[in-house]
Amino acid sequence: MTTTADAVIVGAGIVGSATALELARRGVDALILDKAGAAGMGSTSASSALIRFSYSTWEGVAASWESKFRWEEWEEYLGYRDPNGMARFHRCGKILLDVPLIPRQRMIELFDRAGIPYEVWDAETLAKRVKGIDTGSFYPPKPVDSDEFFEDPHGRLGALYNPDGGYIDDPRLAAANLAAAAAHRGARFAFRRRVMSIDRVGDVWRVTIDGHEPVEAPVLVNAAGPWSSAINKMVGATSDFRIKVAPMRQEVHQVRAPASLRESDAEFPAIGDLDLGIYTRPESGGNMLVGGTEPECDPLEWIDDPDAANLNPTVERYEAQITRAARRFPELTVPNRPNGIAGVYDVAEDWTPIYDKTALPGFYVGIGTSGNQFKNAPIVGSILDRIIDAVENGHDHDSDPVHYTCRHTGHDLNLGAFSRKRERNPDSSGTVMG
Ligand SMILES: Cc1cc2nc3c(=O)[nH]c(=O)nc-3n(C[C@H](O)[C@H](O)[C@H](O)COP(=O)(O)OP(=O)(O)OC[C@H]3O[C@@H](n4cnc5c(N)ncnc54)[C@H](O)[C@@H]3O)c2cc1C
């Protein structure tokens, strides 16, 4: 027996689930396969789920701004209320500390073009608005076990502040919400289905699943997150990509937030601090999450097999990230025992995702999300649906890229910006910031 569908999506993370919803809205019979037991159990579950608008490309900025409105009106966007609970957007504000890697003026121009509210802060304002912060500039980031790390600052930092930034309180639940809304509209989710091989049989893709009957569909979408390269290999889509992707292990740690940040009733803002090589955001219970921004002085953890990644925090990474956070917030105490999680990014060479068709008929990819696409998921579903619809109806997206008009903002996105064949984005920060 073989199961058939109009479209098969491999991966029920935030990308696959968002795509399933948009396909289902258009009446496409979508079947979503995931080796895990539920939606959002892959890299999505480890996400810090920050909502920010600072990307190096117009399409990145405009997509994140459009997505903000969908997060704000989550239930309306889904068209469904999940009885198992709804993920929630916390609008705590987002600060981007000045750093040469992300020129302030370029960000301002992109924010102005997109109509994104922002404030420009000098060091004095930063100190006033964020209690307990050390506004010193230490750039470039140094290894925390070097003498240079403890040198005095060589200047004071200003910042760009977006009052509309924030975070989603439960990224796994957000994926589950999308999956539930998609299922409500007829999408079929099959969990504990590990895709073992994929073949082209006539004009359909035949997907072989461990211990279950195969599935066939004319359209196949790779939304396998950090496992995306393995799926591309199964399909035979490797030579077609100018931009390569690869899995990279990352850790995010949790500590008690400094007392001065906890004093206020309002949540303290999230901070992108590439000056020291970290980002921070509030976490429930008066805590703070601290993640890394790939400072050049730290080794990057490229891995071969995401299934073999150590998902526990290590002492070395914990000390590096929390010691940097303590440099920014001198009140922060650094507990001895590492607390946090590890996850895996699917990193594209220029830290910009690939949402595209491929040279193979009916094969599409939503990959290379580079640690920065959770926030964009609500629009990623629309983007992939738009590309699939156009290409399946004969459009040549490679030579004449499809555009997408954002519903809330009216902004135009040239989806060629996410092409597998694009030139490497020259403005990329070369970090998770995109
Ligand atoms: C530590 C960390 C922090 C992050 N912080 C942020 C942030 O603050 N803001 C932000 O916007 N983004 C952030 N991200 C990035 C964001 O979370 C990811 O871009 C996004 O979650 C990727 O979703 P996905 O659906 O592509 O992948 P995944 O969630 O990994 O989903 C892929 C799915 O494919 C399934 N799969 C894989 N192979 C197979 C197979 N052979 N058969 C069947 N199923 C298969 C997996 O089980 C998995 O469920 C972060 C990521 C990490 C890891």
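## Around the ligand

Strand β20 gives the most to the shell around the ligand, with three residues. (Strands are DSSP runs of E with at least two residues, helices are runs of H or I with at least four, and both are numbered from the N terminus.) This is a predicted model, in which local features need pLDDT of at least 70, side-chain atom pairs count only at pLDDT 80 or more, and totals for chains, interfaces and linings use all residues. Residues are numbered from 1 along each chain as its sequence is written, and side-chain values use heavy atoms, leaving out hydrogens and water.

There are 35 residues around the ligand, and Asp34, Ser43, Thr44, Thr369 and Lys375 come nearest. Here, a residue is near a molecule if one of its heavy atoms lies within 4 Å of it. By class, the shell has 17 nonpolar, 13 polar and five charged residues. Nonpolar covers Ala, Val, Leu, Ile, Met, Phe, Trp, Tyr, Cys and Pro; charged covers Asp, Glu, Lys and Arg; the others, Gly among them, count as polar.

## Polar contacts and cover

Now look for polar contacts, here pairs of N or O atoms within 3.5 Å. A side-chain N or O atom of Ser43 is 2.7 Å from an oxygen atom of the ligand, and one in the side chain of Thr369 is 2.8 Å from a ligand oxygen. Ala49 takes part through a backbone N or O atom, which lies 3.2 Å from an oxygen atom of the ligand.

How much of the ligand does the protein bury? Taken alone, the ligand exposes 1,000 Å², and the protein buries 97% of that. (These accessible areas come from the Shrake-Rupley method with a 1.4 Å probe.) The elements that give two or more residues to the shell are α1 (14-25), β3 (30-34) and β20 (340-348).

## Two domains

An automatic or database domain assignment sets the domain bounds. The chain is divided into domain 1 (3-85 + 170-244 + 350-418) and domain 2 (90-166 + 250-342). Their centres, taken over C-alpha atoms, are 29 Å apart.

In contact (heavy atoms within 4.5 Å) are 22 residues of domain 1 and 25 residues of domain 2.

## Two backbone details

Most residues other than glycine have a negative phi, and most peptide bonds are trans. Ala49, in the loop between β3 and β4 (50-51), has a positive phi near 55 degrees. The peptide bond from Tyr139 to Pro140 is cis, with omega near -5 degrees. You can find Pro140 in the loop between α5 (123-129) and β8 (159-162).

Definitions and conventions
Polar contact = N/O pair within 3.5 Å; in protein donor to acceptor, adjacent residues only side chain to side chain.
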